Amino acid sequence: MNKLIIILLGTLVITSCNANLSKNYILFSGKISNPTSEKFELVYKEGNGRFAVNIAEDGSFTLDTIISGTGIYRLEGLAMNRMYIYLANGGEYNLTFDEKKMIKTSVLTGPMPNPSTYLRTKNAVRDSLRGMSFRKYKTLEPAEFLTTSNKIKDNLTKYLKSFPDMPKDFFEYELGEINNYYHLYLIRYEYLHGQITGQIDTFRVSDDFFEDLEGVDFINESAYKYGGYYKTLVKEYFELKAKKISEKSGDNYFLTKLNVFGAVPNEYIKNQLLAISAKNDLSEIPNLEEYYDTFLSVSTSKKNNENVTKRYKELKKVADGAPSPIFKDYINYASGTNSLADFKGKYVYIDVWATWCSPCLKEAPYLKKVEKKYHGKNIEFVSISIDRKNMEDAWRKKIKSKELSGVQLLADADWQSEFVKSYQIKGIPRFILIDPDGNIVSRKAPRPSSPELITLLNDLII
């Protein structure tokens, strides 16, 4: 363990300097090698302070008079290229790094270096403590998973304690984060294990597996507002509770989740969870009216109710039986372009997918079987990829390698395509069935892997 710490600290050189910490602002400058963009962003406390970091041609940047205060900041560039650093009021900091290896090459000078050192090495330490790939970790049997997870938690705590002179607030927060991470993966284990082993609908752990969750405070408003793993932990804990209730009662999971969230005794956390739920679920559930009525019965946030009412009215426009939104001139893999109007006179079964979506690709073999079964019938199978335009080559390669059939189209603006936004598609794969007149038969049609799809198509006498 000591050897690991030495190696990690050796790759990230952080030196301290004297600074007048009585100042109520922070100075932050540096230089980036091989920058891929002209702008980074420095974010304080889950977005409660955002500062544009403009990169000059030579890679240098200067950001002065940061007045958010002492704490953890996230410096982020494109995609997931990011690092966390600890900045203190009155400090003058300089950061250099190669963007291709952002964390490993970073050198930060400034006061109070240990928090930043810990932040930028803790993930590598945790991965090393796991002693196996993340995939293998998720396939461990319950008892071994618990043993391994506890070992990681205990040793990561020792690593945190190995740093001298840590600010008290920072130390207590990070100690909490270690425990939050541990509890979060207890909650996630059942789903992740089932997903990897192909037992997602059958793999279940005993109630004893979750006994370490007893006594955890899931309604700490200040901790929730601060963010970190705690915010995710709270959400997934109550989702797990809803899942267990739904499985025992047979009631709809999405409606059960609303009722579980609505029973949370902290008003702020309750309404935050309800807002997240509606954002993710409202366009996915089959019974729109019942979901909307249930939401209004448990929500006590005027803003939430207004937002959900607005989305509810928009979704009513794409209710079953309504005219379908259209798409125009989407690139066809075979050649040319296609619009929805090109298929008028036929049923159209639309598969919304992307090359990076694993669940989408799992449906592909089933979709090919359905297409073969209804070949020559009055139905067209249209797959619309929401890959970005700059991924067109990857889209074409995936179609070829997977031998995907049907009409293969590329949406004009990925998630921002009007067709996608009109249906309020928040997750994929998504399937839509449209009738020969261009009206919606089902805005959330059964998946190809579901026997319900064949039942639906046969009922329509296609």
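One cut-off before we start: a residue is called buried when its relative accessible area is under 20%, and exposed when that area is over 50%. Keep in mind, too, that this is a predicted model.

Try the cut-off on Ser-383, which sits in strand E13, residues 379-385. Ser-383 has 3% relative accessibility, so it counts as buried. Its side chain has a partner in there: a polar contact of 3.3 Å links it to the side chain of Asp-351. Leaving out residues up to four places away in sequence, Ser-383 also touches Trp-353, Leu-367, Val-407, Gln-408 and Leu-409.

Now zoom out. The chain has 462 residues, and 46% of them are buried. Its secondary structure amounts to 16 helices and 16 strands, and the C-alpha atoms fill a box of roughly 80 × 55 × 45 Å along the principal axes. Of the contacts between residues at least 6 apart in sequence, 67% join residues at least 24 apart.

What about the nonpolar interior? In soluble globular proteins, nonpolar side chains tend to be buried together. Here the largest nonpolar core has 88 residues, and Tyr-118, Phe-327, Ile-350 and Ile-384 have the most contacts inside it. Helix H6 (residues 168-197) gives the most to this core, with 10 residues. Take Ile-350 as a way in: setting aside residues up to four places away in sequence, its neighbours include Phe-327, Val-382, Ile-384, Phe-419 and Phe-431. There is also a second, separate core of 23 residues, with Leu-42, Ile-85, Tyr-93 and Leu-95 among them.

Phe-163 is in the loop between helix H5 (142-161) and H6. At 8% relative accessibility, Phe-163 counts as buried even so.

Next, the helices around H9. The buried residues of H9 (residues 253-262) are Leu-255, Thr-256, Lys-257, Leu-258, Val-260 and Phe-261. Among the elements covering them are helices H8 (228-249), H10 (267-281) and H11 (288-298). At the start of H9, a side-chain oxygen of Asn-252 comes to within 2.9 Å of the backbone nitrogen of Phe-254.

H10 has another partner in H12 (residues 302-316): their axes lie 10 Å apart, at an angle of about 10 degrees. The two helices are therefore roughly parallel to each other. H10 contributes Asn-271, Ala-275, Ala-278 and Lys-279 to the contact, while H12 brings Asn-304, Val-308 and Arg-311. By class, that comes to 3 nonpolar, 2 polar and 2 charged residues.

Most residues other than glycine have a negative phi, and most peptide bonds are trans. Asp-329, not a glycine, has a positive phi of about 55 degrees; it lies in the loop between H12 and strand E10 (330-332). Gln-424 is not a glycine either, and has a positive phi of about 50 degrees. The peptide bond from Ile-428 to Pro-429 is cis, with omega near 5 degrees.

Terms used
Residues are numbered from 1 along each chain as its sequence is written. This is a predicted model: local features need pLDDT of at least 70, side-chain atom pairs count only at pLDDT 80 or more; totals for chains, interfaces and linings use all residues. Side-chain values use heavy atoms; hydrogens and water are left out. Buried means under 20% relative accessible area, exposed over 50%, partly exposed in between (1.4 Å probe, protein chains only). Helices (H or I, at least four residues) and strands (E, at least two) are DSSP runs, numbered from the N terminus. Contact means heavy atoms within 4.5 Å. A polar contact is a pair of N or O atoms within 3.5 Å; within protein, one must be able to donate a hydrogen and the other to accept it, and residues adjacent in sequence count only if both atoms are side-chain atoms. Axes are lines fitted to C-alpha atoms, for helices over the stretch in contact, and angles run from 0 to 180 degrees between N-to-C directions. Angles under 35 degrees count as roughly parallel, over 145 as roughly antiparallel, 65 to 115 as roughly perpendicular and the rest as oblique. Ala, Val, Leu, Ile, Met, Phe, Trp, Tyr, Cys and Pro count as nonpolar, Asp, Glu, Lys and Arg as charged, and the others, Gly among them, as polar. A nonpolar core is a set of buried Ala, Val, Leu, Ile, Met, Phe, Trp, Tyr and Cys residues joined through side-chain atoms within 4.5 Å.
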